[in-house]
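The following questions and answers concern the model shown below. Please keep the structure in view while reading.

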Amino acid sequence: MTDIWATVFLTLKVAVTGVVVTLPIALCLAYVLARKKLPGKALLSGVIMLPMVLPPVVTGLLLLDLFGPKGPLGIAFAAIGIEFGFRWTGAALAAGLVALPLMVRPMRLAFESVDMEWHEAMKVDGASWQQRLRYLDLPMAGAGIVAGIVLGFAKALGEFGATITFVANIPGETRTLSLAIFTALQSIDGMTEVYILAGASIALSLIAVFFSEVITERLYK
């Protein structure tokens, strides 16, 4: 049971870290896609969506080539004391990457739903784009932002293919709930553990959805 709790806490650490680090990137990308007219905008959108349509093993392989111990980005980050290869930080990186498209999509739609006439009115009153973002876009797009965070967190909780390819299945270091369930399934007498781990995964997902509903209701009271 101690090992199961350790796996739950590791999964939460990986998922939360992945989503927190990805959140500002997702917000920036969603805002740019919703508000800016850029050359190659469709291509940028397609690249962002890639982790959602690529086979997870391919995503993990790309991460290993780029951020692994011998990858160019992995070597660069290792020089400043951050290592991803076969570490929980690598699992968080994989979780954040696969969560990114699911976070960007609802956030982008939420930003696009904000009436541009309100933007023009605030602009005439002398409001800067930062003020319009803070007092108009972010509050009006709040529900979409929360939805993106919850979808990303749920995806990060259940991430499997990219994680096992990039950082392997190391107990206490990279073995999240999904990997632990996979490992228990390989054991003849592991079904009890499988159901306990699956129950923990379902409980975490329900808690995340519950809090998202509470936050959304408070935003629109």
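Axes are lines fitted to C-alpha atoms, for helices over the stretch in contact, and angles run from 0 to 180 degrees between N-to-C directions. This is a predicted model, in which local features need pLDDT of at least 70, side-chain atom pairs count only at pLDDT 80 or more, and totals for chains, interfaces and linings use all residues. Residues are numbered from 1 along each chain as its sequence is written, and side-chain values use heavy atoms, with hydrogens and water left out.

Q: How many helices and strands are there in the chain?
A: Helices (H or I, at least four residues) and strands (E, at least two) are DSSP runs, numbered from the N terminus. From that terminus on, the elements run α-α-α-α-α-α-α-α-α-α-α. The count is 11 helices and zero strands.

Q: At what angle do the axes of helix 3 and helix 5 cross?
A: Helix 3 covers residues 56-67, and helix 5 covers 88-112. Their axes come within 11 Å and cross at roughly 130°.

Q: Why are helix 3 and helix 5 described as oblique to each other?
A: Angles under 35 degrees count as roughly parallel, over 145 as roughly antiparallel, and 65 to 115 as roughly perpendicular, with the rest oblique. The axes of helix 3 and helix 5 cross at roughly 130°. The pair is therefore oblique.

Q: Which residues of helix 5 meet helix 3, and how many residues of the contact are nonpolar?
A: With contact meaning heavy atoms within 4.5 Å, Thr59, Leu63 and Phe67 in helix 3 meet Leu93, Ala94, Leu97 and Val98 in helix 5. Ala, Val, Leu, Ile, Met, Phe, Trp, Tyr, Cys and Pro count as nonpolar, Asp, Glu, Lys and Arg as charged, and the others, Gly among them, as polar. By class, the contact has one polar residue, no charged residues and six nonpolar ones.

Q: Is Phe86 buried, exposed or partly exposed?
A: Phe86 lies in the loop between helix 4 (72-78) and helix 5, and its phi is positive, near 60°, in a residue other than glycine. Buried means under 20% relative accessible area and exposed over 50%, with partly exposed in between (1.4 Å probe, protein chains only). Because its relative accessibility is 38%, Phe86 is partly exposed.

Q: What is the phi of Ala168?
A: Ala168 is found in the loop between helix 9 (161-167) and helix 10 (177-185). Although Ala168 is not a glycine, its phi is positive, at about 65°.
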